[in-house]
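Hi,

Here is the structure I promised to pass on. Have a look at it first, and my notes follow below.

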Amino acid sequence: MKQEPAPKVLVLGVGNLVMGDDGVGIRVVQQLQREYRFPKSVEIVDGGTLGLDLLPVLEGRSHLIMVDAVETGKEPGTCVRLAGEELPVALETKVSPHQMGLKDLLSVARLMGQAPGEMVLIGVQPGSIQMGTDLTHEVSLQVETMKGAVLKELTAFGVECRPVSRTVNVCRD
C-alpha cells in the first residue's frame with residue numbers, strides 16, 4: 001500500500017501587535033511555536049503585516065491555516081472558521097491595512113498556481129484595533145480556543161502535534 005505524502009502545511013499568523021486585537025493571530029502562532037513541536041512538513045510563521053511579501057512562503061504548500069482578527073459583524077470575541085470560497089468574502093471587509101494585502105496575496109497565489117489546495121481561516125471578531133499592545137478581554141479569552149482550532153485543523157490534515165515537554169530543572173548541591 002502506497003503511503004500518502006505528508007501535507008505541506010503553513011500556519012500563518014497575521015496582524016499588527018501594536019494595534020490591540022489585530023495582533024491576536026501573531027499571539028496564537030507565537031504560543032504554538034513555544035508550546036508544540038511539529039513535523040518538518042509544517043511551518044508556523046509570524047506573517048505580521050507583510051502581505052504580498054509572503055508569496056514565496058506559500059510556494060509548494062498543500063494546506064494553509066491563517067490566524068487573524070476578522071470583521072464578522074458579530075460580538076467581539078466571536079470565533080469563526082472560514083474555508084475555501086468564504087475566505088475572499090471575509091477579507092473584503094478589512095479590519096486593518098494588512099488584510100487587503102492578505103486578500104491580494106491569495107489572489108496572486110491563485111493566479112500563479114501557487115495557492116494551497118486547502119485554505120482555512122481561524123478568526124475572531126476584534127473588540128478594538130486602537131493603538132496599544134493589549135488584547136481586549138473578550139479576545140484574550142479566545143486565544144486558547146483559536147490555538148485549539150488550529151491544532152484541530154492540523155490533526156484533521158493528518159499532522160502530529162506534540163506538546164513540548166515541561167521538565168522541571170532541579171538544582172542539586
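**What I found**

M131 counts as exposed because its relative accessibility is 68%; the cut-offs are over 50% for exposed, under 20% for buried and partly exposed in between, with a 1.4 Å probe and protein chains only. Before the rest, some ground rules: this is a predicted model, where local features need pLDDT of at least 70 and side-chain atom pairs count only at pLDDT 80 or more, while totals for chains, interfaces and linings use all residues. Residues are numbered from 1 along each chain as its sequence is written, and side-chain values use heavy atoms, with hydrogens and water left out.

Back to M131: you'll find it in the loop between β6 (118-124) and α5 (137-140). Helices here are DSSP runs of H or I with at least four residues, strands are runs of E with at least two, and both are numbered from the N terminus. Together with L17 and V18, M131 makes a nonpolar surface patch of about 290 Å². Patch members have over 30% relative accessible area and no salt bridge, and nonpolar side chains are joined within 5 Å (like charges within 9 Å). A salt bridge would be a side-chain nitrogen of Lys or Arg within 4 Å of a carboxyl oxygen of Asp or Glu. Areas are Shrake-Rupley, with a 1.4 Å probe.

Now the fold. The chain has 6 helices and 7 strands. Five strands form an open sheet in the order β3-β1-β4-β6-β5, with mixed pairing; two strands pair if DSSP finds at least two bridges between them. At the edges sit β3 (42-48) and β5 (79-83), each pairing on one side only.

On one side, β6 pairs with β4 in the parallel sense over 7 bridges, with D68 partnering G123. With β5, the pairing is antiparallel over 5 bridges; here R81 partners I122 and C79 partners V124. Of the 7 residues of β6, 6 are buried, so the strand is largely enclosed by the rest of the structure.

Helix α6 (143-156) lies across β1, β3, β4, β5 and β6, at about 165 degrees to β6. Axes are lines fitted to C-alpha atoms, for helices over the stretch in contact (heavy atoms within 4.5 Å), and angles run from 0 to 180 degrees between N-to-C directions.

Overall, 47% of the 173 residues count as buried.

Cheers
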